[in-house]
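Work through the exercises below with the model open. Try each task before reading its solution.

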Amino acid sequence: MTERRIITGLDIGTTKICAIIAEVSNDEILDIIGIGTSPSVGLRKGVVVDIDDTVNSIETAIMNAERMAGIEVDSVYVGIAGSHISSINSHGVVAITGEDKEISQEDIDRVIEASQIVAIPPERKILHVLPRGFVIDGCQNIKHPLGMSGVRLEVETHIVTGSITSIENLIKSVHKVGIDVEDVVLEPLAASQAVLSNSEKELGVVLVDIGGGTTDVAIFKDGSIWYTSVLPVGGDHITSDIAVGLRTPITTAEEIKISDGYASADMVSEDEEVEVLTTSGQDFKKVSRKLLCEIIEPRVDEMFTLVQQEIKESGYDGLLPAGIVITGGASLMKRLAELASDKLELPVRRGIPKKADDLADFASNNIYKVGKQEANISEGSTAIFATGIGLVCYGSEQEPEQPIIKKGQKKEGMNNLLNRVRGWFEDVF
Ligand SMILES: Nc1ncnc2c1ncn2[C@@H]1O[C@H](COP(=O)(O)OP(=O)(O)OP(=O)(O)O)[C@@H](O)[C@H]1O
Ligand SMILES: [Mg+2]
């Protein structure tokens with residue numbers, strides 16, 4: 001019997017909650033066996049504002065995925081985002097104590113821990129401590145120090161923190177569904193695992209995940225993450241601009257944005273027209289398609305002005321030859337990549353999840369038959385699943401501590417995991 005691990009990613013987005021169940025084998029190809037989505041109710045910009053609604057949304061997404069996969073999920077890797085997330089770069093240093101001066105795993109753990117001794121406010125919790133590079137006796141840019149010799153070991157780390165209340169409420173919502181939390185993962189970090197190549201991360205690249213309510217920016221260089229931030233704008237702002245500008249209901253604005261919208265208006269002819277509902281919801285009227293695109297363009301332009309500011313803020317302006325990779329639902333807007341590339345003078349490509357070869361076919365054949373929406377998911381439009389797939393990729397790399405689960409077998413009860421999560425907070429309270 002082939003041993004395969006079942007890993008579930010739970011992407012808590014501002015517009016949709018998406019559960020992805022995958023079977024992961026040694027060849028690292030993810031076999032997606034279930035996808036479930038549900039509208040994100042009970043959360044505002046990634047933060048739980050109504051626990052009961054959030055629990056219902058999570059439950060629906062998981063149940064849809066479970067029904068498709070024919071198995072029960074007992075634990076998930078949960079994505080976290082929102083403006084409560086912040087990050088700092090830190091530095092740690094230790095002396096190598098072993099007699100032979102050979103760097104052991106213990107030394108590496110110690111130096112990473114030393115880098116965490118920074119002033120973190122009491123209401124914040126560390127989510128990730130990501131090593132970016134080691135220094136041995138002044139010799140820089142060492143990726144794998146294990147087994148090397150030296151007397152002084154230093155590390156540069158990227159520390160991501162989040163508000164304890166937000167993290168706790170997210171975990172509580174998942175627990176109320178009767179499911180354990182394996183880990184809470186920064187969403188752009190997860191998405192990067194699904195859409196970026198190693199050479200892009202090595203050269204220097206910006207990942208821009210444009211979702212509904214937020215745009216996540218993450219900058220990678222020399223193979224590691226260097227900078228992360230969350231911008232409070234996304235595709236839903238474009239929709240509400242359209243609704244206001246064309247005086248039409250939000251649902252119509254959303255539909256025409258997807259069917260007729262372009263990120264730039266200059267190539268749209270004056271005489272094209274689009275039919276929309278009036279605000280009363282009773283009649284239809286014709287509006288110019290150019291006007292629609294003229295409403296979209298400044299908002300997209302604003303988003304990339306903010307992205308540009310983040311790149312400058314990071315100190316990596318001019319040092320990112322691999323350019324920008326855009327992903328997330330709103331990255332599907334036509335001509336958005338071209339507009340971004342002209343504005344930022346960088347190469348821009350769309351990031352679609354790799355490692356999940358049959359994702360488009362699978363999603364298109366299954367997912368919207370479960371949900372209400374009828375949609376044809378092309379390979380390009382799988383960008384909406386980038387974070388969910390990324391969470392599964394992240395989970396598949398965490399194996400050492402996790403027991404291998406044989407298909408169909410239930411995992412050892414909740415207690416262990418509850419203890420882990422409890423331990424998480426112990427040092428805080
Ligand atoms: N084909 C498309 N063209 C333009 N916009 C699209 C298209 N498909 C989806 N969108 C937009 O993408 C947004 C949702 O994206 P996504 O599913 O990535 O968001 P989310 O993960 O729920 O939110 P966030 O990442 O901000 O928390 C919505 O604003 C939706 O209108
Ligand atoms: Mg998202």
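The exercises that follow concern a predicted model.

**Exercise 1. The shell around the ligand**

Task: Find how many residues surround ligand 1, and which are the closest.

Solution: 
- Step 1. Count the shell. Ligand 1 is surrounded by 19 residues.
- Step 2. Pick out the closest. They are Thr 14, Thr 15, Asp 236, Glu 254 and Lys 257.
- Step 3. Sort the shell by type. Five residues are nonpolar, ten are polar and four are charged.
- Step 4. Look for helices. Helix 6 (235-246) and helix 7 (250-260) each supply at least two shell residues. Helix 7 gives the most, with three residues.
- Step 5. Look for domains. Domain 1 (5-83 + 165-196 + 352-426) and domain 3 (230-350) each contribute at least three residues to the shell around ligand 1.

**Exercise 2. Atoms facing the ligand**

Task: Which atoms of Thr 14, Thr 214 and Glu 254 lie by an oxygen atom of ligand 1?

Solution: 
- Step 1. Start with Thr 14. A backbone N or O atom of Thr 14 is 2.7 Å from an oxygen atom of the ligand.
- Step 2. Go to Thr 214. Here a polar side-chain atom lies 2.8 Å from a ligand oxygen atom.
- Step 3. Take Glu 254. A polar side-chain atom of Glu 254 sits 2.4 Å from an oxygen atom of ligand 1.
- Step 4. Turn to the cover. On its own, ligand 1 has 660 Å² of accessible area, and the protein covers 88% of that.

**Exercise 3. The span of a helix**

Solution: 
- Step 1. List the buried residues of helix 3. They are Ile 164, Ser 166, Ile 167, Leu 170, Ile 171, Ser 173 and Val 174.
- Step 2. Look past the helix. Gly 178 follows helix 3 and has a positive phi, near 90°.

**Exercise 4. Buried or exposed?**

Solution: 
- Step 1. Apply the cut-off. Buried means under 20% relative accessible area.
- Step 2. Find a partner. The side chains of Arg 132 and Asn 89 are joined by a polar contact of 3.1 Å.

Notes
Residues numbered from 1 in each chain as written. Chains lettered and ligands numbered in written order. Predicted model: local features only at pLDDT ≥ 70, side-chain atom pairs only at ≥ 80, totals over all residues. Heavy atoms only, no water. Near = heavy atom within 4 Å. Polar contact = N/O pair within 3.5 Å; in protein donor to acceptor, adjacent residues only side chain to side chain. Areas by Shrake-Rupley, 256 points an atom, 1.4 Å probe, with all protein chains shown as cover. Helix = DSSP H or I, 4+ residues; strand = E, 2+ residues; numbered from the N terminus. Nonpolar A, V, L, I, M, F, W, Y, C, P; charged D, E, K, R; others polar. Domains from an automatic or database assignment. Buried < 20%, exposed > 50% of the residue type's maximum accessible area, 1.4 Å probe, protein only.
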